[in-house]
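Please look over the sequence and the coordinates before reading on.

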Amino acid sequence: MPEAMIASSEQSLNPERERRQKLELNKLQKRLRREVGQAIADFSMIEAGDKVMCCLSGGKDSYAMLDILLNLQKSAPVSFELIAVNLDQKQPGFPEEVLPEYLESMGIEYHIIKKDTYSIVKEKVPEGKTTCGLCSRLRRGILYNFAEEHGVTKIALGHHRDDLLETLFLNMFYGGKLKSMPPVLHSDDGRNTVIRPLAFSREKDIARYAALREFPIIPCNLCGSQENLQRQVIKDMFQSWDKQHPGRLETMFRAMCNVEPSHLADTNLYDFREGRRLGGKRQAVQTAEPEEASSFGRLDVLNI
């Protein structure tokens, strides 16, 4: 086929491809809006007058969360404020201009916090060991302190349904506990309330939505490759199940939302002698402060 005809054929296909992608984007946006709206309603995540801080990492999940919340804000039955916050942890090669440029284009109030947690993590964690645990604890502590100082009433994190399920299995397999990340978490001291608006949303939907929206993704590998993580083992298992047994992950998540304490074996949740439910344990937040991190102030760490 002559090159001119090939070029003409490709051009004629572009409008059709664009039309299909636009339809797919609209469908995904409606689905995510519905799921986020349902999560907000079911768990009373956002109330009138709330100041919601969207924590942005530069990954697909936090971009999608902010995008959907901004969309919902326009038609929400209650008025609430949104701000975006990113923590620049001074990893070598971090493209610090990407998020400010994106957020400027969105016209949303944003803050970039600059703290060199990278050096602390590299000093404290032995070479070859996973850095994610300490890194995330430092990051959350700084963000939570910022939230209190700026009158934030809700801290929004981009964890989705798959994250909740993975954490459930991680705790069962490696921690000996039946727990996950709750859609809403109130700290014991009353300082912070964490919400997860994407709690009902599938990772594969978010990934496709982020690709179609062309978010400027910043990869989370700037501190070195973190191969063979326990979470990746669980993630791979879930992906295999999703292909071989469609619907299994949905059923598993429904089970998380439909717990019967009398049919488990936790005496802190159920009094088997009297046959009645108990209040259970409640330890939502720990306080931690690494030796070299005193300049960051008090660190509130999610116990997950």
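Q: Does E214 count as buried or exposed?
A: The classes follow relative accessible area: buried is under 20%, exposed is over 50%, and partly exposed is in between, with a 1.4 Å probe and protein chains only. The relative accessibility of E214 is 67%, so this residue counts as exposed.

Q: What pLDDT do local features need in this predicted model?
A: Residues are numbered from 1 along each chain as its sequence is written, and side-chain values use heavy atoms, with hydrogens and water left out. The model is predicted; totals for chains, interfaces and linings use all residues, side-chain atom pairs count only at pLDDT 80 or more, and local features need pLDDT of at least 70.

Q: In which loop is E214 placed?
A: E214 is not a glycine, yet has a positive phi of about 55 degrees. Helices (H or I, at least four residues) and strands (E, at least two) are DSSP runs, numbered from the N terminus. In these terms E214 sits in the loop between α7 (203-213) and α8 (230-244).

Q: What is the phi of K90, which is not a glycine?
A: K90 belongs to the loop between β2 (81-88) and α3 (98-106). With 33% relative accessibility, K90 counts as partly exposed. The phi of K90 is positive, at about 65 degrees.

Q: How many salt bridges does a search of the whole structure find?
A: One of the pairs is D205 with R31, where the closest N and O atoms are 3.1 Å apart. This pair links distant parts of the chain, with D205 in helix α7 and R31 in helix α1 (residues 3-42), 174 residues apart. The number found over the whole structure is 22.

Q: How far apart in sequence are the parts that the pair of R161 and E250 ties together?
A: The side chains of R161 and E250 meet in a salt bridge of 3.1 Å, N to O. R161 is in helix α6 and E250 is in helix α9, so the parts tied together are apart in sequence by 89 residues.

Q: Which residues are linked with R31 in a network of salt bridges?
A: D205 is buried, with a relative accessible area of 6%, and R161 counts as buried at 5% relative accessibility. E250 is partly exposed, with a relative accessible area of 24%. The residues linked with R31 in the network are R161, D162, R202, D205 and E250.

Q: Which residues make the nonpolar surface patch of about 650 Å²?
A: Patches are made of residues with over 30% relative accessible area and no salt bridge, like charges being joined within 9 Å and nonpolar side chains (Val, Leu, Ile, Met, Phe, Trp, Tyr) within 5 Å; areas come from the Shrake-Rupley method with a 1.4 Å probe, and for residues only the protein chains shown count as cover. L264 counts as partly exposed at 40% relative accessibility and lies in the loop between α9 (248-256) and β7 (270-271). The nonpolar patch is made by M172, F173, Y174, L178, V233, V259 and L264.

Q: Which helix gives the most to the nonpolar patch?
A: The patch covers about 650 Å². Its top contributor gives 3 residues and spans residues 161-175: helix α6.

Q: Which residue in β3 stands opposite V85?
A: Two strands pair if DSSP finds at least two bridges between them; β2 and strand β3 (residues 110-114) pair in the parallel sense over 5 bridges. Opposite V85 in this pairing stands H111.

Q: At which residues does UniProt place the feature "binding site"?
A: C135 lies in helix α5 (residues 132-149) and is buried, with a relative accessible area of 13%. UniProt positions are in the numbering used here, feature names are shortened, and annotations may be inferred rather than shown by experiment. In the unreviewed UniProt entry, the feature is at C132, C135 and C223.

Q: How far apart are the end C-alpha atoms over residues 57-62?
A: UniProt lists residues 57-62 for "short sequence motif: PP-loop motif", in an unreviewed entry. The chain there is 50% helix and 0% strand, and the distance between the end C-alpha atoms is 6 Å.

Technical notes
A salt bridge is a side-chain nitrogen of Lys or Arg within 4 Å of a carboxyl oxygen of Asp or Glu.
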